[in-house]
Amino acid sequence: MPSLFYALPLAAVISLVYTTSRYELPSRIFQGASVMFVKTLFGLGLLYGVLWYFSS
Amino acid sequence: MRDPRINLRSRELAAFLAFLIPGCGHFYQGRRLKAGIYFSGIVCLFFAGMILGDWQPVYSQVASLTKPGSLQMRSSDDQVRTNFSIGYAAQVLVGLPALPSLLQQSRFSSDPGSVKAFDGELQSDFVGAFRQGNVFRPVSGNITLSSGQGGMVNCSFEGVTSDGQPVEAGFSGGIKLGQKVYGSPRREVVVSSLDGIPVDGIEALELRGSISRSFSDWYQAPRDSAELDRLHGKLSRQFEIACVFTWIAGLLNLMAIWDAFDGPAYGYGDEKPEEEDEAGSSESKSKTSEG
């Protein structure tokens, strides 16, 4: 499995646990975790794209 | 200011329980959803790392001998140098799943080293080679060792050579068995024969290789750089990813412990932004008027 795929479950767990530690309300937790997960993947994708561009 | 809707009960006990088992402190406080999230997320991440790393990414120490040679086969007089594993500082935060490493550290430090005699019988799979001088015949199979007279052992081997030829050998000789507690599933063994052992065209004087080590003797036990090199060679990047998973699981539990002790960092979650701004501005106005 390509190493980058391990980032998906890792980002999901980090987003969920981190947001759980910030709030108490379940809806706020899941909403915040979803947003953080998407932002994390977007940031990782952007970084990977930059690295790929400069390494090719 | 803590939200009165959140009953933290005994904060110290909740934090300690959260350390021992992720989510347990929150379960004690009645915050069941958070307990479930912490437990499933952190424990799954930790054990995903353990599975990826062949159950070997958690160790508290890396040991080394002060002279060249195999750490497993050291004598009781050899000096062992140990260095604390920095990654363990994060892994230990997961609590009970990572604490066996500290027990293994204690057992490792009191282990006298290689064994040259034993009582009873030992049966195991074997991977290694028969040796005559610089000539080796690689073999794999099953080995049976039993105590003999005068400190000797009776050795019985049954297996195949590297090109599939069946091999059987039975002989008596001296034994050197790697130390009991060490962070590798394989335990080194050398059985030396006084007479030659006819094996595949040679008169071997030694059977050298490794047998299985008991799980309780290698799980989370200290190891040396040779074993780490073997793991990196076998698993490549997967071992690094496994270690990272276990480190992050520990660091996430640190946030869970904090939540159990002091409640959620940002509040309950249903505060309105306008009320928060007004509360902030009224506090700053009262501070300037007092000044």
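Colleague: Looking at this predicted model, how many residues of domain 2 of chain B are in contact with domain 1 of chain B?
Modeller: Let's take the two sides in turn. Domain 1 of chain B puts 17 residues into the contact.

Colleague: How much area do the two domains bury between them, and which residues of domain 1 lose the most?
Modeller: The buried total is about 1,500 Å², with 48% of it on carbon and sulfur atoms. Within domain 1 of chain B, three residues together account for 47% of what that side buries. Those three are Q72(B), M73(B) and R107(B).

Colleague: Which residue forms a salt bridge with R107(B)?
Modeller: The rule finds 1 salt bridge across this domain interface. The closest N and O atoms of the pair are 2.7 Å apart, and the cut-off is 4 Å, so the pair counts. R107(B)'s partner is D217(B).

Colleague: What about polar contacts there, and which element gives the largest share of domain 1's side?
Modeller: Between the domains, 15 residue pairs are in polar contact, both residues at pLDDT 80 or more. The elements giving two or more residues to domain 1's side are α5 (100–109) and α7 (225–235) of chain B. The largest share, 3 residues, comes from α5(B).

Colleague: Now the chain interface: which residues of chain B lose the most area to chain A?
Modeller: Here 25 residues of chain B meet 18 of chain A. The two chains bury about 2,100 Å² between them, 73% of it on carbon and sulfur atoms. Together, the top three on chain B's side make up 25% of what that side buries: I37(B), M255(B) and Y266(B).

Colleague: Which residue of chain A forms a salt bridge with K34(B)?
Modeller: Across the chains the rule finds 2 salt bridges. In the one with K34(B), the closest N and O atoms are 3.1 Å apart. The partner in chain A is E24(A).

Colleague: Last one: how many nonpolar residues does chain B's side have?
Modeller: Both α3 (32–52) and α8 (237–262) of chain B supply at least two residues to the side touching chain A. By class, that side has 4 polar residues, 5 charged ones and, for the nonpolar count, 16.

Technical notes
Residues numbered from 1 in each chain as written. Chains lettered and ligands numbered in written order. Predicted model: local features only at pLDDT ≥ 70, side-chain atom pairs only at ≥ 80, totals over all residues. Heavy atoms only, no water. Contact = heavy atoms within 4.5 Å. Buried area = accessible area lost by both parts, 1.4 Å probe. Salt bridge = Lys/Arg side-chain N within 4 Å of Asp/Glu carboxyl O. Helix = DSSP H or I, 4+ residues; strand = E, 2+ residues; numbered from the N terminus. Nonpolar A, V, L, I, M, F, W, Y, C, P; charged D, E, K, R; others polar. Polar contact = N/O pair within 3.5 Å; in protein donor to acceptor, adjacent residues only side chain to side chain.
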